[in-house]
Amino acid sequence: MNFLNEVSQHWPDAVSLAAGRPYEEFFDDDAPGRWLDRFRRHLAVDLGQTPEQVRRTLFQYGRTKGIIHHLIARNLAVDEDVHVDDEAVVVTVGCQEAMLLVLRALRAGPADVLLAVAPTYVGLTGAARLVDLPVWPVAGGPAGVDLADLRAQAHRARAEGLRPRACYVMPDFANPSGTSIGPADRQRLLDLAAEEDLLLIEDNPYGLFPAGDVDRVPTLKALDTRRRVVYLGSFAKTVLPGARIGYVVADQRVGGVDGAVGLFADQLAKIKSMVSVNTSPLAQAVIGGALLEHGCSLVAANRRERAAYTRNRDHLLAGLRRRFPAGSPVRWNSPAGGFFVVVTVPFPVDDALLRRSAERYGVLWTPMAHFYDDGRPVEALRLSVSAVTPAQIDLGLDRLAALITDELTRTTVPAG
Ligand SMILES: Cc1ncc(COP(=O)(O)O)c(C=O)c1O
């Protein structure tokens with residue numbers, strides 16, 4: 001992450017197909033103020049708070065689990081058909097804090113390990129490292145998760161005396177692979193988690209962005225009748241990344257150190273009280289107001305964004321087809337939505353190549369090696385379509401094609 005930031009700061013004029021940020025043209029200067037007012041009215045009118053209570057709710061230290069938990073629960077019911085008690089929701093400082101809290105709670109001792117579908121989001125592996133929780137990769141593949149490998153890894157870990165606590169998955173338009181898990185495999189994954197006594201940590205920042213008009217597939221949490229799924233959410237892509245608001249739904253009943261059984265969410269809140277005390281109420285109010293303005297549904301509120309990401313994805317895929325016609329050794333996948341496309345090339349893609357790409361060709365992308373934690377060379381790179389215009393995609397692809405052509409020439413051994 002730091003390396004990518006450093007590269008993009010050093011070459012600010014390079015076209016960035018690296019950043020997984022939302023499209024900035026839709027940011028509205030007036031919206032945060034309006035949303036704050038909307039949430040203030042909600043406190044006064046819907047929740048009956050006096051002016052003094054409203055002031056305290058917004059300006060004071062606050063409830064560790066947050067003040068928009070009820071609106072998030074409503075949002076999940078409306079958009080995802082996920083029905084959870086408000087008390088099972090912990091509002092966090094971005095989804096990133098939610099990951100840290102969950103992994104810290106799962107790490108009870110040195111035998112604990114986390115399974116994670118590879119390639120894996122770097123924020124997850126970074127958080128796991130912070131809490132000293134080893135991550136065991138599970139093959140992802142084109143289906144999003146290799147269920148046989150998941151079972152095999154769980155068995156292998158147990159055979160070594162370890163305790164696989166959970167498996168981290170991104171069923172919808174994963175970062176970085178772009179892959180999604182199909183409906184039948186989602187059910188199989190839930191069954192497998194129950195058979196193997198594993199939790200599933202479902203991370204879903206991109207679920208609202210399928211390409212085109214296709215229907216969304218139910219989340220694991222929507223299908224979770226056995227409380228196997230801890231669900232991570234983020235408003236960074238669907239409302240405003242600057243608010244830094246995410247959340248975790250943890251409706252499992254768990255035993256505490258004192259032997260008493262309580263909600264996993266309450267265990268997470270205890271950890272959160274030592275990490276960030278509580279999530280900024282002002283930032284929560286902005287997101288809460290956005291939810292209220294849209295009847296707690298973000299599907300309709302993101303129609304423009306979804307259309308822009310679809311347009312960009314289609315533009316990128318068509319651009320790749322034009323620049324690397326049939327017979328080219330360059331390949332790519334065609335994700336059904338989200339922000340990312342993975343391009344495979346017949347040479348290793350590393351930070352040195354990225355630096356050369358920035359310096360000499362003026363285009364940024366992300367080496368896929370960043371998303372595997374084993375230091376092995378990877379012959380692939382991730383392109384992001386979320387924060388660029390079609391014209392920038394054209395320019396970026398022209399530059400990328402020049403880089404790849406030169407690398408192919410450089411790495412091809414002359415015949416004879
Ligand atoms: C898969 C995944 N999870 C979590 C996050 C972090 O979300 P937040 O910005 O809410 O911390 C991201 C951000 O890019 C992501 O791609």
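Residues are numbered from 1 along each chain as its sequence is written, and side-chain values use heavy atoms, with hydrogens and water left out. Because the model is predicted, local features need pLDDT of at least 70 and side-chain atom pairs count only at pLDDT 80 or more, while totals for chains, interfaces and linings use all residues.

**Aromatic rings**

Let's start with the rings. Searching the whole structure turns up 10 aromatic pairs. To count as a pair, rings of Phe, Tyr and Trp (its six-membered ring) need centres within 6.5 Å; planes under 30 degrees apart are called stacked, over 60 edge-to-face, and the rest tilted. Here are two of the pairs:

| Pair | Centre to centre | Angle between planes | Type |
|---|---|---|---|
| Tyr-231 and Tyr-247 | 6.3 Å | 35° | tilted |
| Tyr-309 and Phe-339 | 4.6 Å | 55° | tilted |

Where do Tyr-231 and Tyr-247 sit? Tyr-231 is in strand β7 (residues 229-234) and Tyr-247 is in strand β8 (residues 245-249), so this pair ties together parts that are 16 residues apart in sequence. Strands (E, at least two residues) and helices (H or I, at least four) are DSSP runs, numbered from the N terminus. Both Tyr-231 and Tyr-247 are buried. That word means under 20% relative accessible area, while exposed means over 50% and partly exposed is in between (1.4 Å probe, protein chains only).

The other pair links distant parts of the chain, 30 residues apart. Tyr-309 belongs to helix α11 (residues 303-323), and Phe-339 is in the loop between β11 (331-332) and β12 (340-344). Tyr-309 counts as buried because its relative accessibility is 3%, and Phe-339 is buried too, with a relative accessible area of 1%. These two rings also belong to a cluster, in which ring pairs link Tyr-206, Phe-209, Tyr-309, Phe-339 and Phe-340.

**Two helices side by side**

Now look at helix α1 (residues 2-10) and helix α12 (residues 351-361), whose axes come within 10 Å and cross at roughly 15°. The axes are lines fitted to C-alpha atoms, for helices over the stretch in contact, and the angles run from 0 to 180 degrees between N-to-C directions. That makes α1 roughly parallel to α12; angles under 35 degrees get that label, over 145 is roughly antiparallel, 65 to 115 is roughly perpendicular, and the rest are oblique.

Which residues meet here? Phe-3, Leu-4, Glu-6 and Val-7 from α1 meet Asp-351, Leu-354, Arg-355 and Ala-358 from α12, where contact means heavy atoms within 4.5 Å. The contact residues split into five nonpolar, no polar and three charged. Ala, Val, Leu, Ile, Met, Phe, Trp, Tyr, Cys and Pro count as nonpolar, Asp, Glu, Lys and Arg as charged, and the others, Gly among them, as polar.

Pro-119 sits in the loop between β3 (112-118) and α6 (122-130). The bond from Asn-175 to Pro-176 is also cis, with omega near 15°, and Pro-176 is in the loop between β5 (163-169) and α8 (183-195).

Asp-197 isn't a glycine, yet it has a positive phi of about 55°. Is Asp-197 buried or exposed? Its relative accessible area is 53%, so Asp-197 is exposed. Cys-296 has a positive phi as well, near 65°, but Cys-296 is buried, with a relative accessible area of 1%.
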